[in-house]
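Student: I have a multi-chain model to read. Where should I start?

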Amino acid sequence: MAHSAVTINPTKPGGVAVGLVLVLTLGTLGAVAWRADWGRGLGAADWAAVTFTVTQALVSAGLSCLLAIPVARALARRRFWGRSVLVTLLGAPFLLPVIVAVLGLLAVFGRNGILNDALGALGLPEVSIYGFHGVVLAHVFFNLPLVTRLILQGWLSIPAERFRLAASLDTPVGRMLEWPMLRTVLPPAFLIVSLICLTSFAVALTLGGGPRATTVELAIYQALRFDFDLGRAAMLALIQFGLCLIAATLAWRMTAVDGLGTGLDRSVDRWDGSRWGDGVIIALAATFLLMPLIMVIVRGVPGLFELPIDIWRAALRSVIVAAISAALCIGLTLALALRGGWIVGLVGVLPLAASSLVVGTGLFLLVYPFANPAKLALVVTALVNAVLALPFALRSVAPTVDKITSDYARLSAILDMSPWVWTTRVVLPRLRRPLGFASGLAAALSMGDLGVIALFAGDAQETLPLAMYRLMGAYRMDAAAGAALVLLVLSFALFWICDRGGRVDADL
Amino acid sequence: MLTCEKLELTQGAFHLSADVRFAKQAITAVIGPSGAGKSTLLLAIAGFFAAQSGDVLLDDDSFMSAAPGKRPVSMLFQDNNLFPHLSIFENVGLGLRSRGRLDAAERGTVMAVLIRVGLKDMADRKPAALSGGQQSRVALARLLLADRPVVLLDEPFAALGPSLKEEMLDLMQEMLVQDAGATVLMVTHDPADARRIADHVAWVADGVVHAPQPTAAIFADPPSGLRGYLGKMG
Amino acid sequence: MMKPIILTTVAGLCMATAATAEIPILTVMTYDSFTSDWGPGPAVEAAFEETCACDLQFVGAGDGAALLARLQLEGPRTQADVVLGLDTNLTAAARATGLFAPHGVTADLALPIAWDDTEFLPFDWGYFAFVGNAGADAPASLRALADSDIKVVIQDPRSSTPGLGLLMWVKAAYGDDAGQIWADLADNIVTVTPGWSEAYGLFLDGEADAALSYTTSPAYHLIAEEDDSKVAWAFDEGHYMQVEVAGKVASTDVPELADQFLAFMVGDIFQTIIPTTNWMYPATATTGGLPDGFDTLITPAKALLMSPEDALAARPAALDEWRTALSQ
């Protein structure tokens, strides 16, 4: 009943973290706007880009959610050998560097991909991946695992007794239990995926098939790169923030369901659904999500033998950056989650809407007067990616922090713990699982970064994605495929190690 | 003497007044219908519920403005009294020192208390590996080490079976009150608990904490509200 | 005055590089692939440092367009002494920044066109071309390509230098009819990629019959991979040229060294390195002539190139034309 006004959570680090995120998102935008010569405003083409961006984001998010429902349900109610490995593997596309994923998708769905080879062998006409549907396909590929994970979490949160009750009463499970759950889980999931797709760049550009598929992020890229029109870039970035703010406000009104990082190894005993139907759905999803990865592996193996020695140096550099980024991300996430409040809610969404190009450019402008950007390339890459991974990390960590606070804050207060002891001896150990997941995510995402590093890096800071890109630029396509494989393996290994680390020996 | 002086507790429609004294180095059972505010009274004394007005004093010293950890008060809650990720030894050690590491002498003290409550061999285990009764003993050991004059018990043993609960109550009385001389306030919904170990009983109902009365006397001639409550309890 | 050495020392996370003696540093800002292990960078650095008693340091920045953007971001306070890797589609904008000084070099250039730019000096050049597989259908003109059902990949003119080159190519060849050519080309274009690497990669993966690249691309496959299966298509309209240039940054603190580098750049050593590392034609005739294999390349009958100022002026309208035609 009555609750304490006492809080033991330290809030100062959270304040610092809020400041840092604001500087990196809005501050960098401000820096770009500050330097801009305000010339012409936005043209028809820019507005077409806004329309296209919003449309593809909504369609991609809608389709991801729609497809994730049967997959999550099948996974929730079936137990089979290798299930937990499959659940982990299905998360892989979300961790993939975009450029690697696009190569994999093309190997399956491209004109020369295995799908069209199969269609050709059957005498059927070929399908083209290029165009609006290609963009949506790629976005579904990236985000289906995320939504599946979120919905699966929702399914597993329904207590088993309710399914038993529903079965004994012979009431339809769907209307009684599943629909109410989906109604709370889906809207935030939909919004998150929409936000991710809003800032899409390389996917739309490579698979879009032409200038119809111009996203806002691409328009920003052009404004910065070709026209050096900082004003237009700033305006477009502002529109992107505006769109994000609308979505975030909507999300704020809905109950968020979270626990991205919690265990999904259980299944719930059910008395409905067909074993075969679920099996087919799981097989289809696994094929769709894993085939492109397998193709990256198949095509990359021969290239492994052509990799120059420098690749391994670049790989080591990338791993170090990823580790730093993960550590920073955890620090920021923890500080914010302990602080709590609406500002943290806002800060937790802002990075999703930030254009990494504008962040990079703004940071360059901020840093340049004081230091040689090339020297800071790796640090900046680690920092920016830590912040970009923050929304996901925060969503996985914050609910657990709330639970820990409600369970143990009073006990800790009466034991006269200091905020430091409370954080290190109570909160941190109990957060291992979500923190492991969050750090793995941050590490994997920063491993694949190509946006920030490209702007800052000199030669001595070549990271693996940059090295891979440079191999492609030097006609070394086979070696680049090998580098893509190394990138894939390292990204996934980093995630796996962090995620495992959080699970091992976690007596919770 | 633990004194609640014109204490007024308000939250929404809920209201509770307490202007009572609790006997020192004795156990006072706090009983009353659910929702009457038994737990709220304890939370207010512990510093987790801000009173609208009034004062709480121990031997004429007010500790109303102190933070929960700085009050002369220990408390056990209905659940989550142990940290599941810490060993039994670490959990108990928190009673002695909650900021920083234990030195060798302190480690010896912790071990001595564990031996006293019969958990010598469990020191390195985590709470989940212990039975409910053993977990209660861990909490008791921590109370003993914390050694604060006032101990508040908010039905921490409610989940235990009857005989285990009686055993814990007896242990509490012996170690906390007889040996350590603590002043104990114990919320319970079971009059048998009060009869077993309480020296006094404070009846809480209708927004008022009534003055504690000797256990034998109050059960022999209960006030009307208590009589109805006891009747319902069978 | 010397720049503080520490500032120009390229260092990683761990700053292991200690500043050595008091030798002057020449910072050359260029695109990524120039400085890569397979690019001209390492050989050029070694050769120049033998003669200059200086430390030549490259700063890599994406592609040609990124290079200019980077320079504009840094402004007059840039560390760069020489910027190497702009092309004629970018030089007008580069000139407008006012960051460049006259190069003062007179060289015997071997370009198919006359060159009289006083600020930007060419170091190599090439023709844009579609590169396809030998033995497959090869259209003989842009028009024939547009009328065929051959599939090609091109780069986005808003984000890539070859993409912009094709835009100018169509404009230079067809003028007011460029829009029509683009409309007819629309169904031949599989997709539009952000940069050269993606487009060429898609072509090599079999995603298209050809990709927009250079007439010199087959030389790479021939010389480095002993693979003669790639050919450039010769088009009747002529081929648009890319002339890659370097310029001296006006604010440089080592102007003599910068001049020395630019003179070295059009000299025999530098120019001999270019063909098999940057896979372009050298800007001056080299004593050893072109490497074996370059003789197999097509030589366009007509070289097309707009002046930098014309290219800059024509770009907005040409882009609109392109966008409209491909958005149908």
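The dialogue below takes up confidence, then chain contacts, then domains.

Tutor: Start with confidence, since this is a predicted model.

Student: What is the average pLDDT of chain A?

Tutor: Chain A averages a pLDDT of 82. Of its residues, 91% score at least 70.

Student: Which elements of chain A have the lowest and the highest mean pLDDT?

Tutor: Helix H21 of chain A, residues 451-456, has the lowest, at 70. Helix H14 of chain A, residues 310-339, has the highest, at 90. Look also at residues 1-5 of chain A, where the pLDDT is below 50. That stretch has 11 contacts in the model beyond near neighbours in sequence. Residues 255-259 of chain A stay under 50 as well. For them the model has 15 contacts beyond four places in sequence.

Student: How is chain C divided into domains?

Tutor: Domain 1 of chain C takes 21-125 + 242-294, and domain 2 takes 126-241 + 298-326. Their centres, taken over C-alpha atoms, are 25 Å apart. The contact takes 21 residues from domain 1 of chain C and 22 residues from domain 2 of chain C.

Student: Which elements supply the domain 1 side of that contact in chain C?

Tutor: Helix H4 (64-74), helix H5 (88-96) and strand E10 (239-249) of chain C each supply at least two residues. H5(C) gives the largest share, five residues. By residue type, this side of domain 1 of chain C has 12 nonpolar, seven polar and two charged.

Key
Residues are numbered from 1 along each chain as its sequence is written. Chains are lettered from A and ligands numbered from 1 in the order in which they are written. This is a predicted model: local features need pLDDT of at least 70, side-chain atom pairs count only at pLDDT 80 or more; totals for chains, interfaces and linings use all residues. pLDDT is the predictor's confidence in each residue, from 0 to 100. Helices (H or I, at least four residues) and strands (E, at least two) are DSSP runs, numbered from the N terminus. Two residues are in contact if their C-beta atoms, placed from the backbone, lie within 7 Å. Domain bounds come from an automatic or database domain assignment. Ala, Val, Leu, Ile, Met, Phe, Trp, Tyr, Cys and Pro count as nonpolar, Asp, Glu, Lys and Arg as charged, and the others, Gly among them, as polar.
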